[in-house]
Amino acid sequence: MSVAFRRESDDEHKEPEFELPIPVGPNLVTARGARLLGEAVARLETAVAAASDAEARKKLQRQLRYFGTRKASAEIVPPPAADVVGIGSRVRYSLGGAERHITIVGHDEADPTAGRIAYTAPLGRALMGAEVDESVAFQGREDAITILAADADAEELV
């Protein structure tokens, strides 16, 4: 049989596993975000210690390296000023005639389904620094978003 048709092991054909990508720029987080990063590291350390399967342990260690790096590089942002949109702000705004609410948070806290968007997301970038009653540009329209209210989200301060 030709060597070309023999396979030494399944490991030769596995896709390489790369480290989880770290977002570029500073790791700005709310107080809640710093707490969540600490909890994630503690949970993963426990899971790594308890993992008996080598493959599962490798995946957990990969996640632990990511969250450990994010925890070490976290910069807690002070609460935003009243009526100015910043990281940790609960924002009520009007877009296309519909009123919406979001909270602007750091990368690792972001959960769009829960109304938490990263400050680097397109909507987050558009809103950062805006004040109440100000109209801001979004998606090519100069007055697409009107800020109706902005205040520090009490949940982000914990």
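**Exercise 1.** Leaving aside neighbours within four places in sequence, which residues is Ile145 in contact with?

*Solution.* A note before we start: this is a predicted model, where local features need pLDDT of at least 70 and side-chain atom pairs count only at pLDDT 80 or more, while totals for chains, interfaces and linings use all residues. Residues are numbered from 1 along each chain as its sequence is written, and side-chain values use heavy atoms, with hydrogens and water left out.

Step 1: contact means heavy atoms within 4.5 Å. Step 2: with neighbours within four places in sequence set aside, the list for Ile145 is Tyr93, Ser94, Leu95, Leu123, Leu127, Glu134, Ser135, Val136 and Phe138.

**Exercise 2.** Find the bridge partner of Val136 in E7.

*Solution.* Step 1: strands (E, at least two residues) and helices (H or I, at least four) are DSSP runs, numbered from the N terminus. Two strands pair if DSSP finds at least two bridges between them. Step 2: strand E6 (residues 135-138) pairs with E7 over three bridges, in the antiparallel sense. Step 3: Val136 has Ile145 as its bridge partner there. Step 4: E6 and E7 make a hairpin with two residues between them, and Gln139 in the turn has a positive phi of about 55 degrees.

**Exercise 3.** Which strand does E3 join through seven bridges?

*Solution.* Strand E3 (residues 89-95) is joined to E7 (residues 141-152), and the two run antiparallel. One of the bridges partners Val91 with Ala150 of E7.

**Exercise 4.** Which residues have the most contacts inside the largest nonpolar core?

*Solution.* Step 1: a nonpolar core is a set of buried Ala, Val, Leu, Ile, Met, Phe, Trp, Tyr and Cys residues joined through side-chain atoms within 4.5 Å. Buried means under 20% relative accessible area, exposed over 50%, and partly exposed in between (1.4 Å probe, protein chains only). Step 2: the largest such core has 19 residues, and Leu127, Ile145 and Ile147 have the most contacts inside it. Step 3: E3, strand E4 (98-105), helix H3 (122-127), E6 and E7 each supply at least two residues of this core. E7 gives the most, with four residues.

**Exercise 5.** Is Arg116 buried or exposed?

*Solution.* Step 1: find Arg116 in strand E5 (residues 116-118). Step 2: Arg116 counts as buried because its relative accessible area is 9%. Step 3: its contacts, not counting residues up to four places away in sequence, include Arg32, Asp111 and Glu155.
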